[in-house]
Amino acid sequence: MEQGPAVPAEASPLLESLNATDAGNASAARFVATPEGTALAYGSLVLMALLPIFFGALRSSVQCARCVNSSDMPETITSRDAARFPIIASCTLFGLYLFFKIFSQEYINLLLSMYFFVLGILALSHTMSPFMNRVLPANLPNKQYQLLFTQGSGESKEEIVNYEFDTKDLICLGISSVVGVWYVIKKHWVANNLFGLAFALNGVELLHLNNVSTGCILLGGLFVYDVFWVFGTNVMVTVAKSFEAPIKLVFPQDLLERGLSASNFAMLGLGDIVIPGIFIALLLRFDVSLKKNTRTYFYTSFLAYIFGLGLTIFVMHTFKHAQPALLYLVPACVGFPVVVALVKGELTEMFRDALCALVLLRSAPCREHLKEAAHSSQHRFWIQTGKVQAVSGNRVSFRLSQLPNHSDLHQTHLCSWIKEEPFTKQLFN
């Protein structure tokens, strides 16, 4: 989904209660969770959902702030990507459903376990890295390493893999590998949650929506996807129960009775965390771009997520039926911030196409410099301050909220103004 949809199976938005019994005791009565156990399970799921959203959004904002040029910025999800994602996710979900119906579930899950074993180690290592940088002693020898794979020779040589890492990264990788082996061998719910939290946090941090309109398209499409596959068919529930991979967070409702060996799980799909999470992270970056030293839209959407998830749990618990969480999360996460923007008079700015204005540059030197810079960075020009956003032909786009006196700004003045910006100034020297 960075450049196109990533692992659509992760967007299996589903919140349900699974009452599992031991295989050797299939004839035994189904375990009935106590009110205390149920409250603990649901409360833990809500807390585990909030952590990757909150910290992933913060890390996403910090990542953008540290970028000094466009090549450092992550790929963004465009409106075309957002429109196609529910279709691709549906095809993937139905394909998995057919695979589980036709082939042995054991072998499919074995392949998936190996796949998510590798992904989980990398995701958990990336998640732990900032924490380990603070914990490990400063005098620890920190050697630099590089993993380089090239193809061809001479002038035709091209890089396939060029990954730089250090000693601290190797320590993180070692710890993550222990968790990975634990997960593959035992399939323990704690190991599953460690991988799941890492996937969710990385998803919120690294998947960037390019504007609020794209976010609404993505959430709206997955709203329909979620409702259809949960209420219209048994496909979602069947795949969720058969899919043994860390694409969901689980917490036992019988933890108080059975301890860590508990087996009666309530679960929350990672899609119900990542999809609203990247929208909440976008609103945090929108708050930052307003330069008002407030986080109004971030906190509003964050509280809206808590409300929507709580409502999902309440309805599911009341009707004893699996619920499509996005049915409640999407209206809450989109509706609450929109109401706030309407009250504050910032609705137009929030939904402005790409949050920018296209300005025709009449000055040939200015235009050519920007076109050359855009070409050298895959035609993407995004600056930390959010001023210059994209260059195409003889057009350059800017965030209106950041332009001085944008209502009466003349093109020649604009060209002079961007020459003085810290990032673009070097292009004209």
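So, which helix does Phe-99 lie in? Phe-99 is in α2, residues 79-102; helices here are DSSP runs of H or I, at least four residues, numbered from the N terminus.

Quick caveats. This is a predicted model, where local features need pLDDT of at least 70 and side-chain atom pairs count only at pLDDT 80 or more, while totals for chains, interfaces and linings use all residues. Residues are numbered from 1 along each chain as its sequence is written, and side-chain values use heavy atoms, with hydrogens and water left out.

Back to Phe-99: at 45% relative accessibility, Phe-99 counts as partly exposed, meaning between buried (under 20% relative accessible area) and exposed (over 50%), with a 1.4 Å probe and protein chains only.

Now over to α11, residues 326-344. How far apart are its end C-alpha atoms? They're 27 Å apart, which agrees with the 27 Å that 19 residues should span at 1.5 Å a residue; the expected span is 1.5 Å times one less than the number of residues.

The buried residues of α11 include Leu-326, Tyr-328, Leu-329, Cys-333 and Pro-337. Residues three or four places apart on an α-helix point the same way, because there are 3.6 residues a turn. What do the buried residues of α11 pack against? That would be α6 (212-232), α9 (271-290), α10 (296-319) and α12 (347-350), with contact meaning heavy atoms within 4.5 Å. Just after α11, Gly-345 has a positive phi of about 75 degrees.

Conventions
Helix = DSSP H or I, 4+ residues; strand = E, 2+ residues; numbered from the N terminus.
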